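Keep the structure open alongside the text.

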Amino acid sequence: MTKEDWLEIGTIVSAQGLKGEVRVYPDSDFPERFEKPGERWLLSPNQKEPRSIELLSGRYIPHKNLYIVKFAGVNDRNQAEELRGCKLMVPASDRPTLAADEYHILDLVGLEVFNQLNGENIGVVIDLIPAGNDLLLVKPNDSIASEKDAKKADIFIPFVKEIVPVVDLENKRIEINPPPGLLEINK
């Protein structure tokens, strides 16, 4: 399988306790991926292909945005520590169905961002940052970042309907209606 065949759903950040549980920082908004028992896959930093592992249980830790999960065959802290840095994966075919105006992060990454007010191409979405309201992280295009300012900071755009009224996956574009000062704040 290729990298496109997998979805990263989280990263193991540390061991939890002495009985083999691990802490997982989620990259998915679907709790069942961390709580519902079943097959998952681990991708170690030094491997190219993920390996199968069985998720036995999981629970969410409020206010820390972490899940504590237990895998089959991981029975002590030393075994759990060996998993630090591993990515938790599922097959790309395991994408949940979304409601209207909901998007998979991977569908947003790579979309061009345009200002509805003047048609200007702002840049390209490189990530979605979870926050109170999610933020689109946009890499500014060459016309925004001049040569002398080649290291121009990435632009954070609140991913709310009032500011991002158009997400056109078919044409690979997003249109924004930035409030006064939004683009200047990022300069």
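This is a predicted model: local features need pLDDT of at least 70, side-chain atom pairs count only at pLDDT 80 or more; totals for chains, interfaces and linings use all residues.

The C-alpha trace spans about 60 × 40 × 35 Å along its principal axes. Its secondary structure comprises four helices and twelve strands. Of the 187 residues, 39% are buried. Take the contacts between residues at least 6 apart in sequence: 49% of them join residues at least 24 apart.

Now the surface. The chain exposes about 11,100 Å². Carbon and sulfur atoms supply 51% of that area. As for charge, there are 23 positive and 31 negative charges.

Next, the annotated region. An unreviewed UniProt entry lists residues 9-93 as "domain: RimM N-terminal". Over residues 9-93 the chain is 49% strand and 11% helix.

Finally, look at strand S3, residues 38-43. Why is S3 described as largely enclosed by the rest of the structure? Five of its six residues are buried, where buried means under 20% relative accessible area, so the strand is largely enclosed.

S3 pairs with two strands, S4 and S6. S4 covers residues 51-61 and runs antiparallel to S3, with five bridges between them. Here Leu42 has Arg51 of S4 as its bridge partner. S6 covers residues 87-91 and is also antiparallel to S3, joined to it by three bridges. In S6, Met89 stands opposite Trp41.

Note on methods: Residues are numbered from 1 along each chain as its sequence is written. Side-chain values use heavy atoms; hydrogens and water are left out. UniProt positions are given in the numbering used here, feature names are shortened, and annotations may be inferred rather than shown by experiment. Buried means under 20% relative accessible area, exposed over 50%, partly exposed in between (1.4 Å probe, protein chains only). Contact means heavy atoms within 4.5 Å. Accessible areas come from the Shrake-Rupley method with a 1.4 Å probe; for residues, only the protein chains shown count as cover. Lys and Arg count as positive and Asp and Glu as negative; His and the chain ends are not counted. The place of a charge is taken as NZ of Lys, CZ of Arg, CG of Asp or CD of Glu. Two strands pair if DSSP finds at least two bridges between them.
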